[in-house]
Amino acid sequence: MYEPWKSDRPVLPTKRRNKAVLAAADGVEGRGRAEGNTTRRNTRRTQSRRYPVKGYRVPSELARVHRAARENRKTRFTALLHHVTLESLRRAYANLKRNAAAGVDGVTWQTYGENLEANLRDLLDRVHRGAYRARPSRRVYIAKADGRQRPLGIASLEDKLLQRAVADVMNAVYEADFLGFSYGFRPGRGQHNALDALYMGLTARKVNWVLDADIRGFFDAIDHEWLMRFVEHRFADRRLLRLIRKWLKAGVMEDGRWHASETGTPQGSTVSPLLANVYLHYVLDLWANQWRKRHAHGDVIIVRYADDFVVGFQRREDAERFRRELAGRLADFGLELHPGKTRLLEFGRFAGPNRRERGAGKPETFDFLGFTHICSVTRNGKFQVKRRTSRKRMTAKLKDIREVLMRRRHAPIPSQGAWLRAVVRGYYNYHAVPTNSGALKRFLRAIRRLWIRALRRRGQRHRMPRGRFDRIAARWLPEPRIIHPWPSQRLRVPTRGRSPVR
């Protein structure tokens with residue numbers, strides 16, 4: 001019988017301290033702690049009221065909920081909806097994107113804010129009276145890097161507000177439960193945290209084989225009944241559970257027609273990432289963590305970001321067994337590994353020499369979170385993982401920029417330059433990691449080619465000499481430089497001298 005709450009990890013009582021100290025950030029493994037934000041309803045009396053973790057602050061009214069969840073991981077919370085207050089709805093409204101697309105009701109952030117207090121009070125009253133009704137999401141499609149279309153569900157503005165407020169309440173509990181190798185859609189964590197953890201695992205641990213895995217159509221395949229059973233392990237508040245069911249069953253509107261939602265959560269809704277993390281926490285994370293403790297004969301590292309995850313193994317037999325058993329585990333819950341995106345490959349410090357001895361060529365590479373990971377060596381001959389922008393990611397970005405540039409080619413050059421500078425800087429902010437300078441330079445050269453072509457298409461006679469364009473580009477296009485530190489340097493401060501890999 002499946003009992004996901006049972007684990008071989010002992011539950012130890014947490015000792016209260018008189019003074020809080022900065023907790024070590026997660027490395028490849030480990031579990032983070034959360035901190036309280038006591039600037040809201042309750043006044044901070046002592047430092048012990050805070051639970052610090054870099055980038056994450058629990059609202060003060062939820063600090064005791066978070067503390068109770070940490071001290072007893074089997075506690076079921078029976079009354080939490082009262083934490084959805086006017087203040088939490090105001091905070092949710094302030095955190096919404098101003099220019100986000102409207103849902104089926106057509107209400108935008110600006111129009112809702114014209115009578116904000118009255119609207120929030122009415123929403124809160126309907127929630128606590130049980131008169132709130134979830135609206136269906138508006139279905140739209142966006143292009144993926146591989147040319148396919150990704151379906152998104154745009155919720156109405158009131159649904160977004162309430163989902164964000166409820167997600168804050170649920171996060172106060174789940175941040176005490178989620179494991180350290182889970183990075184996607186969690187407060188205080190991001191894609192670079194996952195990339196750094198993976199880098200440290202590949203370089204500092206005994207990893208010789210890598211399972212690069214992806215779950216096929218994960219957000220559309222989530223089973224509602226299993227999801228509700230997972231949520232009920234921690235929550236017994238019937239009103240909160242009823243809200244989650246309403247969002248799951250609200251359906252989607254496409255071409256003016258309503259479609260029921262029997263499975264899945266709409267990508268694009270505020271609460272969907274949290275529910276997806278809950279589902280994978282019980283289906284994958286707890287099982288994988290238990291598997292490596294009970295069955296692995298060598299080192300095993302795990303890094304997961306949403307439905308994309310990488311598992312590193314010291315021994316090939318462990319990797320092959322894990323892959324077989326993982327497929328069966330996912331099938332029990334209606335999920336399936338994507339056959340075209342799931343690969344087991346030889347990767348690590350000994351992959352190059354071993355493959356050369358067999359005459360198998362260079363080690364294979366794999367993509368994770370927009371970067372291609374490559375086995376390489378430093379100038380001193382030491383093993384190094386090179387991270388370069390994946391070809392598909394760069395091609396898709398350049399295609400989007402080209403389309404916009406051709407539409408803007410008749411705009412004043414300063415207007416085009418200001419827009420391009422913002423785009424290029426945003427690209428650097430994500431991709432400017434060590435060992436990726438060559439890809440950044442290629443990206444800048446491609447941007448220059450696209451821009452001069454657009455400017456020369458403004459008339460039948462091209463009036464943009466190369467010398468003049470070089471001066472324009474030098475003014476508006478920033479030169480690439482590495483912004484992010486090495487993962488070992490970034491982890492050195494939060495781990496305070498302790499090993500970032502444990």
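Q: Which residues form one aromatic cluster?
A: This is a predicted model. In it, F218, F219, W226, F230, Y279, Y282 and F333 make up one aromatic cluster.

Q: How many aromatic pairs does the structure hold?
A: The count is 20 aromatic pairs. One of them joins F218 and Y279, with 6.4 Å centre to centre and 55° between the planes, so the pair is classed as tilted.

Q: Where in the chain are F218 and Y279?
A: F218 is in helix α7 (residues 218-221), while Y279 is in helix α10 (residues 272-294). They are 61 residues apart, so the pair links distant parts of the chain.

Q: Is F218 buried or exposed?
A: F218 counts as buried because its relative accessibility is 2%. Y279 also counts as buried, at 0% relative accessibility.

Q: What about F347 and F366, what kind of pair do they form?
A: An edge-to-face one, with 5.1 Å centre to centre and 75° between the planes. This pair too links distant parts of the chain, 19 residues apart. F347 is in the loop between β10 (343-346) and α12 (351-358), and F366 is in strand β11 (residues 366-368).

Q: And F366, buried or exposed?
A: F366 is buried, with a relative accessible area of 1%. F347 is buried as well, at 0%.

Q: Changing topic: which residue lies over the face of Y183?
A: That is R189, at 4.7 Å from the ring centre.

Technical notes
Residues numbered from 1 in each chain as written. Predicted model: local features only at pLDDT ≥ 70, side-chain atom pairs only at ≥ 80, totals over all residues. Heavy atoms only, no water. Phe/Tyr/Trp six-rings, centres within 6.5 Å; stacked < 30°, edge-to-face > 60°. Helix = DSSP H or I, 4+ residues; strand = E, 2+ residues; numbered from the N terminus. Buried < 20%, exposed > 50% of the residue type's maximum accessible area, 1.4 Å probe, protein only. Lys NZ or Arg CZ within 6 Å of the ring centre and 35° of its normal.
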